[in-house]
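The structure is shown first.

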Amino acid sequence: MLSPVATASSSANGTVLRCSSLQRYLGQGEGRVHVLKGVSFEAQRGQVYAIVGPSGCGKSTLLYLLGLLDQPDGGEIAINGQVMSNNDDAARTAARGANIGFVFQFHFLMLEFSALDNVMMPMRKLARLTPPEMTARANDLLSSVGLGDKTHRLGTQLSGGEQQRVAVARALANEPSIILADEPTGNLDVKNSTMVFDLLTRLAKDHRQAVVLVTHNPEIANRCDSVRPMRDGLFV
Amino acid sequence: MSPNLRIAFRFLTAKKRAMLMSLSCTILGVGLFIVTQATTSGFEEFFIKTILGSNGAILVEDQMQDTMRSFAASGTSDFLITHREGVKYIEGVEEPKRIISALTQFSNVSGTSAVLRGNVVIRSAFKNESAQVYGIDVDEHLKVSDLGHQIVLGNIADFRESPTGALVGKVLADRLELAVGNTFLLDSRGQVRRYRVSAIFETGVRDIDKLRLYVHMPEARSLLKKATGVTFVQVNIFDKDRAPQDSARMQDVLKHSAQSWQEREKSWLEAFHALSMSSAITVSVFTLIAGLAMFNTLAMIVLEKTKDIAILRSMGYERRDITQIFLWQAAVVLAIGAIAGAIVGLVGTFAVSKIPLPINGIFKTETFQVSWNGWHYVEAVLTAAIMVMAASIIPARRAARLEPGDIVRGTAQ
């Protein structure tokens, strides 16, 4: 268990994400599977972590738990020193909006919206900035991922690599302290994989954000600051 | 524009055909609701106007006399029990001046007219007919009826200036082949007097137009041999809807039976009310279909947009935001449907009011009667709002209940 003192001090030391003894079961009845069997993990600012392992070992489940998209059956998750795993949905949603950026494998852009709108969407919800500031920031982010000339294109008018770059810009929109990426390059060719990974890590390091990514790609994993292999619901 | 409304707009435009279906049903539902209510209310209002113009808002008629009986409480007791047995009616109003004086004290009363009525036989050169003669003071009667506007041949001024003039109902005049200026005889209890047709009136109520004729009160008194008293006092009021309360109070105060127009025409009014309700229910089927179409469309959008819902949830959008996004979609369709439906209703009502429809019997009209009442628009929009929003709640709540973790894992139910 994480003590409040310990979590506060770890946050001050640069630990932005910490989980301990995470347990998670999926399925019902006879199909119920013990996916995570007491996983502990922590992430520091400015560091890039790769979680690797065979399919079904619990990598993505862990990522969604860390992103507060799911609730653990046991253990605790602390974001910036605050234990969030047992909070209600509204508190976890607010923490997600303010502290966590997601990049998913299948881009997950909202295709009826332009690239600019996609990047502005988290900002509009958080409402920290004025509308002109949001537009300016979204334009900057899209320029930094090389899409400054395609800001008004709809999601459907962008290639897979471009969509994933918009997703990276969107993940950075609210300046979260944590970026969680589920196979961010899994659906891209080598050239685009390298470009997206480089972007993600460069921008995250520039803004001292912790990046936790799940990947099957050993080349990508080897370029991360830390690699955490998983097997059967545990780090090995 | 709020982020949720912005997202709702985009989701809406993504399902154009389905949304147009919901929108069409809403427009049709609202528009038809307005048109049917305008026509049923139009005929009802026209009927009320006709009966008020012919027979007034309240009729004060027979004098009431309580009948009491007393008997001893027991065989040897001096104590008497008084028992009310019922009400005895004495036909007519014996002291009309006193009654009219009392009626003028009622704040809602705008006019009174004493009327002496009697059964007569009317004889023209061609044939005889049974009729009812109404003795009136024409200027007083014009204050409690639309008689002035019901004249179709001749004019009321001739009647006013001619002591033996008469106003004859159109059907009666047609049957007797009487024209303005012709003379005829009225026969009552063996007394026969000659009159001249000053004008012919038409109320549109066949039962009135085939039986009724008006003569001056002194002539009626001579003809019917009734030197004093009248048959009833016709009362007009400022607020016609208060007639039941006013007539009840008049009955208490004047000790004469007083009948409001609502009581007199109860069966017709109930028929109109039933017609209005049944047409409203029938037309509400369209708004029900609009609600079902909305449910179907939103349910489809929820299924198709689960990934978008997961994205929004991952970006910090709360469950209530998701609910709002889907309810906004319904609200946008409802708002457009309500405005367009109201315009369709307005134009439709105008078009219907021009359709030729000759009716003569309970009232006289040549075209559809419509009522221009803002409440029909409010009722139509409220009905559509209830149907559409109620149908939208289920898919909106289902969307909000989706767990983002389940969606990205691909295990969302």
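## A helix across the sheet of chain A

## Antiparallel pairing around β1 of chain A

Strand β1(A), which spans residues 15–26, pairs in the antiparallel sense with β2(A), residues 33–44, and the pairing extends over nine bridges. Gln23(A) has Lys37(A) in β2(A) as its bridge partner. The two strands form a hairpin in which six residues lie between β1(A) and β2(A), and Gly27(A), located in the turn, has a positive phi of about 90°.

β1(A) also pairs with β4(A), residues 74–79, again in the antiparallel sense but here over five bridges; in this pairing, Arg18(A) stands opposite Ala78(A).

## Helix packing in chain B

Two packed helices are described by the angle between their axes and the distance between the axes. For α2(B), residues 16–55, and α12(B), residues 266–304, the angle is about 175° and the axes are 8 Å apart; the two helices are therefore roughly antiparallel to each other. By class, the residues of this contact comprise 20 nonpolar, 12 polar and one charged.

A second pair in chain B consists of α14(B), residues 319–353, and α15(B), residues 374–401, whose axes come within 9 Å and cross at roughly 155°. Because angles over 145 degrees count as roughly antiparallel, that crossing makes α14(B) roughly antiparallel to α15(B). The crossing of α14(B) and α15(B) is right-handed, and the residues in the contact of α14(B) with α15(B) divide into 19 nonpolar, five polar and two charged.

## Contact between the chains

How many residues does each chain bring to the contact? Chain A gives 23 residues and chain B gives 17 residues. On the side of chain A that touches chain B, at least two residues come from each of the helices α2 (59–66), α3 (89–99) and α4 (115–126), and α3(A) gives the most, with seven residues. By class, this side of chain A holds 13 nonpolar, four polar and six charged residues.

## Confidence of the prediction

For the complex, the predictor gives an ipTM of 0.84 and a pTM of 0.72. The mean pLDDT is 86 for chain A, where 94% of the residues reach 70 or more, while chain B has a mean pLDDT of 87, with 94% of its residues at 70 or more.

Residues 1–10 of chain A call for separate mention, as the pLDDT over that stretch is below 50. In the model, this stretch has 16 contacts beyond near neighbours in sequence.

Notes: Residues are numbered from 1 along each chain as its sequence is written. Chains are lettered from A and ligands numbered from 1 in the order in which they are written. This is a predicted model: local features need pLDDT of at least 70, side-chain atom pairs count only at pLDDT 80 or more; totals for chains, interfaces and linings use all residues. Axes are lines fitted to C-alpha atoms, for helices over the stretch in contact, and angles run from 0 to 180 degrees between N-to-C directions. Helices (H or I, at least four residues) and strands (E, at least two) are DSSP runs, numbered from the N terminus. Angles under 35 degrees count as roughly parallel, over 145 as roughly antiparallel, 65 to 115 as roughly perpendicular and the rest as oblique. A crossing is left-handed if the near helix is turned anticlockwise from the far one by less than a right angle, and right-handed if clockwise. Ala, Val, Leu, Ile, Met, Phe, Trp, Tyr, Cys and Pro count as nonpolar, Asp, Glu, Lys and Arg as charged, and the others, Gly among them, as polar. Two residues are in contact if their C-beta atoms, placed from the backbone, lie within 7 Å. Two strands pair if DSSP finds at least two bridges between them. pLDDT is the predictor's confidence in each residue, from 0 to 100.
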